Structures are given as C-alpha cells and as structure tokens.
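Subject: Structure handover

Hello,

Please find the structure below, with the sequence. My notes on it follow.

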Amino acid sequence: MAQSSKYKTDFSQYDLKNRASQLKTPISRRSILRGISTGTLALALPVWRNLEAQVSSANSSRFISFFYSNGTVKAKFFPSSGSSVTSSEILSPLSPYSNKISVCKGIDLDSSGGSNKPGGPHATAAAAMLSGGWLLPGNFTGAGCPCGYGNRITLDQELAKYDEFSKNTAFKSLEFGLNIRGQEPLRYMSYRASGEPNPAVDNPWRMFKRVFGNFTGEKTTTTIDLSEKSVLDYISNELNTLKNRLPSDDLPRLEAHLTHIRDIEKQMTTLARQTCTVSDIGSEKKFADELFPQFAKIQLDLMFQAHACDLTRVSTFMWSNANSWQRFPWLGFNDQHHDISHVKSNADTDKLTKINKWYTEQLGYFLGLLNSVKEGDKTMLDNSVVLSGAGIGEGNHTLKDIPWLIAGSASNKLNSGKVYDFNGIPHNNLLLTILHAFGKTDKKTFGAPENCTGTIPQLLKV
C-alpha cells in the first residue's frame, strides 16, 4: 500500500545519513512519539479511521432514566445510616454494583405539588420527575385532573440537544416503556418542550423495527473493518529502519509506545465485536400481564443494544403508566399495583416490597449489561448516568423522600457508593447536578427556578 507524502515528510527527521553530529546526540523521546503518532494517524486506512471513531463514540456520555409508579416502601428501600448502599431488602439485587451506586434520601418533588397546580400526584409526578416543573391547565380527566401536559423540557431532552449526546447518532433519544396504556398525561415522562410529550414505545417489536430495521438473527450493525492486521503492520519497514538508527537506550521507549498503540487497537476491535450485536426477538406476541417479564427483558436488551451500537446516548424507560394498573401473577398475587400501593395491611406491604424488589432486579440486569462492556479502563456503566425514581414517595401520595437512585458516574464526575440524606431539598437540584456532571456548568437552575437552589455538592467530584 502506498504511503502518503505527509507520512514520508514526518519521518524524514529520522534520516541520519551524512549527519555525523547526530550519531553523538540521542533522538529525543518527544520527537519519536510525535513522529510515530503523526505518521501513524495520518494513514488513510479504513481500519484505523473507523476504529478510532468507534472509541470516540464509545466513551461518549450517556443518560438513561427509569420511572416506576406508586412509590416504594421506604423502610424497605432506604438503607439505614452508615450501612452499605445495597443493604436494604429492595436494593439487595444491586449488590454487585454497590460501589457504582448512590442512594439519595431527603430529595422531594417540590415542583409538582401544591393545591394551586393542575392534576393529581401521580400524573404530575411523571411530568415533573425529569422536568422540575408541573402540569399545564387542560381538559384531560381522571387522575386528579382536569389538567394538560407537562410545562417544561425534561432533562433527557435537554441533554439530547448537545453534540456530545446526539452528534453522529441515529436517534437523539429513545423512549422505551412497558404497558403504558391509560389516560393522558399518565403515559409520559419525557417532554421536548412545554406541552410537547415524547410518547414511549411499549411494543418491543415496533421498537425493534424502528431502531434496527427488519433483519433477523444475530447481526453486527457496525460497519467497522475488523481486520486482524494492525495499522503498524503497514509501516513495518519504516519502523525497522527507525529502530536500526536509534541509540539502544531509546529502543525500549519506542517499543513501549508501539505496544500501547497495539493495545488500543485490540480494545477498539474487541469493543466493536462484542457490543454492537442485535439478536432476533422472535415473532410478535400480544401483551398480557403474565408476559410482562418477557417483554421487559426484550425492551431492556433493545435499549442496551441501542446504546452499545451508539445509535443513541439518551433514553428513558417508563414502567407502566403513572398510576400503574399492572398485575404481577409471577410474584404470587394478582392485585393491581395501584391498589396495593395504598397499603391497608401487612400483606399489602409485603406485596409492594416484592414489586419494588422485582423492578430493582430488572434495573440490576440492565446495569449488568452496561458494566460488562469495557471502554478503556472504564465500563459503559462508569461513563453513564442511570437515574431511577418513583415519582412519588409512597402510595399515600407523598412527594417527600422520593426513592432516587443514581448508577454510574458520568466518567468519574459523580461520587458513588454512598447513602445520602439531604433532609428535604428540591429534586430540581438533583437534575441540575446531573447537568453539571456532564459539563453544563453554565446552567444555574433547571426546571422551575423557584424550586432550584443549586447543585448538590456532596454528589459532585471537585
């Protein structure tokens, strides 16, 4: 393969013929590295260009958020002070990732409440969770309405506007859901702007077709050339000449640099092979309550694959609608989730605990997928922020102590592995903190300004 003139020019500095004075003067390490790096990266090789692009996208920031309905059992969700992050019954399925999780108590959904705002607690909580706002006036009925849609852009859509989240991706964001049937505005957690909801797709086959097309079977969706040949193989003759002309004490430095380049190539090729695959999801099935777990796994797999293939870097997942009439026969009972959440007995508490623990198990499954993919010295989970919340605190409609959980650290920008009690701060502060973790430090508030008093310093790494 012919080499470029730029490559030859860059390496001419190492032509020592008829330069007797340089036989006494070692070539500097800086010159070696500059020459190798410039010459190597200048090669117009598809394998290098494509793999370099893959690593660039693989280390991009990601934001993923989960919403589940009807609150939690606080005594079973929040770990006791000073204990492990995952020591509570509901959070125990997340124990493999306890050092990558923060549990936040004492964060209230202040923006959505108040008798002067339209809508009941369930509908307003879904709209407010990522927006820090509330519902508009409107003509929707039920769920404490009349009311309208949410009145502000949500955090996922705010992030999707920035290049590091949306540049060169097929989808600025993807909205997943499961069994989100029901009235307006109960079915929405994501808003492009005031009064403009993003509908979630709760049919896995429709989502599969939308994101991945009509292929079946396992298929690598990336176009990366996975040749085993290193880019350094194409300049082996020049490298050998360089090695023969270098003083012996500089050779180990050159070899170390070349080994580093090969290691990067291996990481990029492994990433491309292992993560960007999509499996056949079979023939479409009609939804039924007892199939909820099967549908859930497909949707979670699709969401992971969309991120692994860098088709999107922003996604949301809504478990049922904001009231949730879902039944859980595989857990041993057939009561509706909403009815159970208005706890009337110890039996209801036990059932609600099982429901919330099951949702945590699904979150754990998804975190495991992210954590299984290496991106340099980090994982996809490390480079992401996964925010999970229930909208309301408990089934009695309280907007206090929302069960917030943050996984991932936005590439080491957030503290992890701790249980916090913030003693009643507005949740807008949490949304602003995540914005700052992703580098948007020019933002002074997010959501309703009157409900935002600043970032949460304990969560941000200085």
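To start inside the sheet, Ser65 stands opposite Leu387 in β11. Helices (H or I, at least four residues) and strands (E, at least two) are DSSP runs, numbered from the N terminus, and two strands pair if DSSP finds at least two bridges between them.

Before the rest, two notes on how to read this. The model is predicted: local features need pLDDT of at least 70, side-chain atom pairs count only at pLDDT 80 or more, and totals for chains, interfaces and linings use all residues. Residues are numbered from 1 along each chain as its sequence is written, and side-chain values use heavy atoms, with hydrogens and water left out.

The sheet

Strand β1 (residues 62-67) and strand β11 (residues 384-389) run parallel and are joined by six bridges. They belong to an open sheet of seven strands with mixed pairing, in the order β3-β8-β1-β11-β12-β2-β13. The edges are β3 (174-178) and β13 (418-426); each has a single partner strand, so one side of each is left without a neighbour in the sheet. On average, neighbouring strands of this sheet are turned by 15° against each other, direction ignored. The angle is taken between axes, which are lines fitted to C-alpha atoms (for helices over the stretch in contact), and angles run from 0 to 180 degrees between N-to-C directions.

β1 also runs parallel to β8, with five bridges between them, and here Phe66 stands opposite Phe317 in β8. β8 pairs with β3 as well, in the parallel sense over five bridges; Leu178 stands opposite Trp319 of β8.

How enclosed is β8? Six of its six residues are buried, so β8 is largely enclosed by the rest of the structure. Buried means under 20% relative accessible area, exposed over 50%, and partly exposed in between (1.4 Å probe, protein chains only). In a regular strand the side chains alternate between the two faces of the sheet. In β8, Val314, Thr316 and Met318 point one way, and Ser315, Phe317 and Trp319 point the other way.

Aromatic rings and charges

A pair of aromatic rings is described by the distance of the centres and the angle of the planes. Rings of Phe, Tyr and Trp (its six-membered ring) pair if their centres lie within 6.5 Å; planes under 30 degrees apart count as stacked, over 60 as edge-to-face and the rest as tilted. The whole structure holds 25 aromatic pairs. One of them is Phe292 with Trp319, a tilted pair at 5.9 Å centre to centre and 45° between the planes. Phe292 lies in helix α11 (residues 292-308) and Trp319 in strand β8 (residues 314-319), so the pair ties together parts that are 27 residues apart in sequence. Phe292 is buried at 0% relative accessible area, and Trp319 is buried at 2%. Trp358 and Tyr359 form an edge-to-face pair, 5.4 Å centre to centre with 65° between the planes; both residues are buried.

Two charges sit over rings (NZ of Lys or CZ of Arg within 6 Å of the ring centre and within 35 degrees of the ring normal). The charged end of Arg152 is over the ring of Trp134, 5.3 Å from its centre, and Lys440 lies over the face of Tyr162, 3.9 Å from the ring centre.

Cysteines

What is the count of disulfides? Taking a disulfide as a pair of cysteine sulfur atoms within 2.5 Å, the count comes to one. Cys145 and Cys147 form it, with their sulfur atoms 1.9 Å apart. The torsion about their S-S bond is about 50°, so the disulfide is right-handed. Both Cys145 and Cys147 are buried. Cys104 is buried too, at 0% relative accessibility, as is Cys452 at 8%.

Helices

Helix α14 (residues 427-437) is mostly covered, with 11 of its 11 residues buried; among them are His427, Asn428, Asn429 and His436. Just after α14, Gly439 takes a positive phi of about 90°.

In helix α5 (residues 121-128) sits Thr124, which is buried at 1% relative accessibility. A polar atom of the Thr124 side chain lies 2.7 Å from the backbone oxygen of Gly120. A polar contact is a pair of N or O atoms within 3.5 Å; within protein, one must be able to donate a hydrogen and the other to accept it, and residues adjacent in sequence count only if both atoms are side-chain atoms.

Regards
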